[in-house]
Amino acid sequence: MKSYFITGTDTGIGKTCFTAGLAMAMKNSGIDVGVMKPFSTGISQKTGYQSEDVKILVEASGTKDDESLVNPYFFPIPASPYMAANKLKTAIDVSLVLDRFEKLQSLHDSVLVEGIGGIMTPILKDYCVADLIKDMNLEAIIVTSSRIGTINHTLLTCDTCKKYGIKTKGIIVNNFDVTGYAVDELASDLKNLSGVDVLCTIPHVDGCNADKISKILIENGMLSAL
Ligand SMILES: Nc1ncnc2c1ncn2[C@@H]1O[C@H](COP(=O)(O)OP(=O)(O)O)[C@@H](O)[C@H]1O
Ligand SMILES: [Mg+2]
C-alpha cells in the first residue's frame with residue numbers, strides 16, 4: 001500500500017484521530033504500517049513520548065520505531081514550527097526530516113505522515129507544510145469538519161494542493177461537531193465543488209479512540225479506497 005500525508009483544514013480538526021484509526025485498521029488487516037509526525041509542538045508529556053499526538057499514533061500502529069524517527073522535531077510551545085523554532089532559537093533542518101522519512105519508508109509497507117496545523121502552516125520562512133508534502137512526494141488526504149465555513153477551508157486547501165502540484169487522494173469529513181452541515185449533502189457538494197473524492201465521513205464518536213475509529217473506517221470501506 002502507498003504512503004500518505006494526512007493534512008487538514010485546521011488544527012484540532014481530527015488529523016490524529018483519523019490517522020491513528022487508519023493506522024490501526026491497516027495493522028489489523030496485516031499491513032506493516034509506520035507512522036510519522038515530522039513536527040509536533042505543544043505541552044510536553046511527562047512520561048513516554050514528548051508529543052501526545054505521537055503517543056496516540058505509535059500506540060495505534062504498534063510501531064517499535066524510535067521517537068527520533070517518528071517525530072524528529074518537538075517544540076514545547078503551542079505554535080507553528082516556524083514560530084516555535086524562532087522563539088527557541090533552534091534551527092530546523094528539513095533534510096534530516098526527509099532522511100528519516102526515507103528510513104521509515106524502507107522499514108514499512110506504508111507510512112502515514114500526520115502534518116501539523118493546515119496546509120500553509122509555516123516550517124521555515126519560505127517553506128510550509130505543502131512544500132514538505134511535495135518534497136516527501138506523497139499524496140495528500142485532507143481532513144475537514146462539517147462546521148459551517150468548512151467549504152471555504154476545504155476548497156482553499158484543495159486549491160493549495162493543486163498549486164503546489166500535490167495529488168490529493170481524497171477528503172475525510174469528520175463530523176465531530178454535529179452542529180454543522182448534514183454530512184451526506186456536504187460530501188456531495190465538496191466533491192462537486194473541488195473535484196476531489198470524499199473517501200469517508202466519520203460520525204461523532206463518544207470517547208473517541210483509534211479502536212473505535214478503525215472499526216468505522218473498515219465498515220466504510222476506507223482500506224479499499226486507498
Ligand atoms: N469523530 C470524532 N468524535 C469525537 N471526538 C473527536 C472526533 N474526531 C476528533 N475528536 C476530538 O477532537 C479533538 C481534536 O482531534 P485531533 O485528532 O487531535 O485533531 P488534530 O490532529 O487535527 O489537531 C481531540 O480531542 C479528539 O479526540
Ligand atoms: Mg494532531
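**V70 touches V35, M36, K37, P38, V54, V58, D65 and L104, with residues up to four places away in sequence not counted.** Contact here denotes heavy atoms within 4.5 Å. This is a predicted model, in which local features need pLDDT of at least 70 and side-chain atom pairs count only at pLDDT 80 or more, while totals for chains, interfaces and linings use all residues; side-chain values use heavy atoms, with hydrogens and water left out. Residues are numbered from 1 along each chain as its sequence is written, chains are lettered from A and ligands numbered from 1 in the order in which they are written. V70 lies in helix 3; helices (H or I, at least four residues) and strands (E, at least two) are DSSP runs, numbered from the N terminus. With a relative accessibility of 0%, V70 counts as buried, where buried means under 20% relative accessible area, exposed over 50%, and partly exposed in between (1.4 Å probe, protein chains only). The C-alpha atoms of V70 and D211 are 21 Å apart, and the two residues are separated by 141 residues in sequence.

**The buried residues of helix 2 (residues 52-61) are V54, L57, V58, A60 and S61.** Viewed down the axis of helix 2, these residues fall within an arc of 165 degrees, so they line one face of the helix. The arc is taken over the directions from the helix axis to the C-beta atoms. The cover over the buried residues of helix 2 includes helix 1, helix 3 (67-70) and helix 9, together with strand 2 (33-36), strand 3 (39-41) and strand 5 (110-114). Two of these residues, V54 and V58, are also among the contacts of V70.

**Helix 1 (residues 15-28) packs on helix 9 at an angle of about 70 degrees, with 7 Å between the axes.** Axes are lines fitted to C-alpha atoms, for helices over the stretch in contact, and angles run from 0 to 180 degrees between N-to-C directions. The angle makes helix 1 roughly perpendicular to helix 9; under 35 degrees counts as roughly parallel, over 145 as roughly antiparallel, 65 to 115 as roughly perpendicular and the rest as oblique. The crossing of the two helices, helix 1 and helix 9, is right-handed. A crossing is right-handed if the near helix is turned clockwise from the far one by less than a right angle, and left-handed if anticlockwise. From helix 1, C17, F18, A20, G21, L22, M24 and A25 meet A210, D211, I213, S214, L217 and I218 of helix 9. By class, the contact of helix 1 with helix 9 has ten nonpolar, two polar and one charged residues. Ala, Val, Leu, Ile, Met, Phe, Trp, Tyr, Cys and Pro count as nonpolar, Asp, Glu, Lys and Arg as charged, and the others, Gly among them, as polar.

**I213 is a residue of helix 9 (residues 210-219).** I213 is buried, at a relative accessible area of 3%. Its contacts, leaving aside neighbours within four places in sequence, are C17, F18, G21, I202, V205 and C208. I213 and V198 are 15 residues apart in sequence, and their C-alpha atoms are 17 Å apart in space.

**Helix 7 (residues 150-164) and helix 8 (residues 183-194) pack at an angle of about 35 degrees, with their axes 11 Å apart.** The crossing of helix 7 past helix 8 is right-handed. T150, I151, T154, L155, C158 and K162 of helix 7 make the contact with L186, L190, L193 and S194 of helix 8. The contact of helix 7 with helix 8 comprises six nonpolar, three polar and one charged residues.

T7 is buried, with a relative accessible area of 0%, and T168 is buried at 19%. T168, not counting residues up to four places away in sequence, touches A140, I142, C161 and V196.

**K89 and N137 have a positive phi.** Most residues other than glycine have a negative phi. K89, with phi near 55 degrees, is found in the loop between helix 4 (81-88) and helix 5 (94-107). Its relative accessibility is 77%, and K89 counts as exposed. N137, with phi near 60 degrees, lies in the loop between helix 6 (129-136) and strand 8 (139-145). At 70% relative accessibility, N137 is likewise exposed.
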